[in-house]
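Colleague: Before I use these labels in a figure legend, I would like to hear the grounds for each of them.

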Amino acid sequence: MFDRDRWREIFEAISKNKLRTFLSGFTVALGILIFTILLGMGNGLLNSFLSSFVDDAQNVIFIRSGNTSKAYKGFQENRRIQFKNEDFEFIKTNYLGKVEFATPRIYRNGLAKYDKESGSYSIRAVHPDHQYLEKTIMMKGRYLNEEDINDRTKNIVIGRLVEKDLFKNESALGKILNVDGIAYKVVGVFQDSGGDNEERIIYMSYKTVQLLFGNNDHLDQINISYNIGMGTEQAISFSKQIEKDLKEKFKVAPDDQSAIRVSSFAEDIKETMVILGGIYLVIFIVGIGTLISGIIGIGNIMTFSIKERTKELGIRKALGATPRSIIGMVLQESILITSVAGYLGLVLGILALKLIGNNLEEFFILNPRVDTTVIVIATITLILAGLLAGYIPARRAAKIKPIVALRDE
Amino acid sequence: MIEIKDLHKSYQMGSNSLHVLKGIDFSVKEGELVAIMGSSGSGKSTLLNILGMLDEADNGSYFLDNVPIKGLNETKAAHYRNQFLGFIFQSFNLINYKTALENVALPLYYQRKKRKERTEKALDYLGKVGLSKWATHLPSELSGGQKQRVAIARALAADPKVLLADEPTGALDSTTSYEVMDIIQKINDEGKTILVVTHEEDIANMCKRIVHLKDGVIVEDKKVEQVRASQYV
């Protein structure tokens, strides 16, 4: 294996039989290249699929209310179900250990003005826990805190783009922002990976909003996150439990779909897993298919190559080459070619994926990448296949009697 | 040098068995130049193949330089071929992607000689057949006679005990044939034992002894007055 003369002999054979070298190398390189690109594309598809979930925490349960669709326990249908602060407290305290974070939400819109700039923005009135549920990242200042809730302060936290829109190059921190005629103090600026819309939002204390607008304790929505150790199945049954308890509390028919709606990513994740499984399967089948065609290709080339060399091998045998040295030479040559070509295909494939980058985002292919381990395993598989495909004819060639190999002219 | 007793060889042709060699007794001393003659089908090539360990006899004994040649495995046969024998073929059988020099050096590679020594020896033998200038040429750039001379140099390179030539002039015109025979005679003059299979009278007459084969047996074995090829060159 490490015989220098043997390698010299092999390099000579390779460099002087360019077509043969090219064909077998090309087959392997192409196989690995296609395998890499396909796998990368598949992963890109997965990435774009997964990226739609990174915006919010994965373990969130959304609790919304609406109008009843059925008469129940003496109540008419089409009754409005309104969450209040006590419902929020009920959820927070009733499922101790299962609920990680909890926040209500009240939605509003408001016209914000600063100096000469103004713009209409979504306002979310929330509890400080909202930061963790929404994965809000603070750029400067702070998020809302308990004091803001209890003291009903007029402190607000604004999105990065709100600051950019209204304050231009100034820092909004500590400035007074006028929203619908009321002056608020900006205590923090945040960013969010959920896109531009998520950064054009103003957060304020839910109790402040309740005080300022209607002086009630109404809530539009309650978001909670469950203990992440629960797992998908448990999370689904947990959200069903909440739905059941709330329906009892509000005297809503158990099969009423519209009055109280509890949804969670757990169900989405379950669905997603099915789709992901499908994508994985397709990638797997395509990958295996590519590999198999590569193996067949390299097998053909090796058989052809050794057939072509029968006479040369016969001459070598007549000159004193042992069967072992014949097999060794043929196999070492094929290992060398397939390794180099495989590596080349791998590098080209990774390069191609780099070039593609996020250019295909509109086709749902995001950041196509391959796991190096997978590709290396694929390359080694092809090398081994080439070895096996080479070994069988090489052994036959080594066994053939020189006079037979030399006979036909 | 070569001792053969009661050599038999049959080939299976479908359901029929073709008895090619029917008891050959034959010996060659060191330094002899023997022509093996016979029409096609007489068994002369089979005999040469058995002598060259390219084929094995069914029956009989074969000693080469007092070494019994029997029941060899492939590896052993390869070593013996490399040590004892040099082959010259009708169709030259040079490796087409190797230069003349590399072709000549190949048996030395299988003797595990150092690269430098291989090149020196190969150049030396190429010089012996008058092809020093052609060392770096590929076989495709050489004429038939030149190719055969490269093949002879290659056969000599391993310094074998016996040279086996199977119709060495079969693919050459008569002038080139005589050139090749001239070289073979000169090698023999230096003491090398050489067996030449041929069906051409004039070539056979350039050897020192002629063995006639017919239907698998030796019908005639005579010493002849050697005709020197050099007078035709």
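Modeller: Two strands pair if DSSP finds at least two bridges between them. Helices (H or I, at least four residues) and strands (E, at least two) are DSSP runs, numbered from the N terminus. This is a predicted model, in which local features need pLDDT of at least 70 and side-chain atom pairs count only at pLDDT 80 or more, while totals for chains, interfaces and linings use all residues. Residues are numbered from 1 along each chain as its sequence is written, and chains are lettered from A and ligands numbered from 1 in the order in which they are written.

Colleague: What makes the four strands β2-β1-β4-β5 of chain B an open sheet?

Modeller: The pairing in that order is antiparallel, and the sheet has edge strands, β2 (16-28) and β5 (67-68) of chain B, each pairing on one side only.

Colleague: How do you know that β1 and β2 of chain B pair?

Modeller: Strand β1 (residues 2-13) of chain B is joined to β2(B) by 10 bridges, and the definition asks for at least two, so they pair. One of the partners in β2(B) is Ser17(B), bridged to Gln12(B).

Colleague: Which strands does β4 of chain A pair with, and in which direction?

Modeller: β4(A) (residues 117-126) runs antiparallel to β3(A) (residues 99-114), with 10 bridges; here Lys113(A) has Ser118(A) as its bridge partner. With β9(A) (residues 201-205), β4(A) has five bridges and runs parallel, and Val126(A) stands opposite Ser205(A).

Colleague: What lies between β3(A) and β4(A)?

Modeller: Two residues separate these strands, which form a hairpin; Asp115(A) in the turn has a positive phi of about 55°.

Colleague: Why is Leu313(A) called buried?

Modeller: A residue is buried if 20 or more other C-beta atoms, placed from the backbone, lie within 10 Å of its own, exposed if 12 or fewer, and partly exposed in between. Leu313(A) has 23 C-beta neighbours inside 10 Å, so it counts as buried. Leu313(A) belongs to helix α9 (residues 265-318) of chain A. By the burial criterion, 50% of the 233 residues of chain B are buried.

Colleague: Which residues touch the most other members of the largest nonpolar core?

Modeller: A nonpolar core is a set of buried Ala, Val, Leu, Ile, Met, Phe, Trp, Tyr and Cys residues joined through C-beta atoms within 7 Å. The largest has 114 residues, and Ile36(B), Val104(B) and Leu195(B) touch the most other members. Apart from it lies another core of 52 residues, including Tyr143(A) and Leu246(A).
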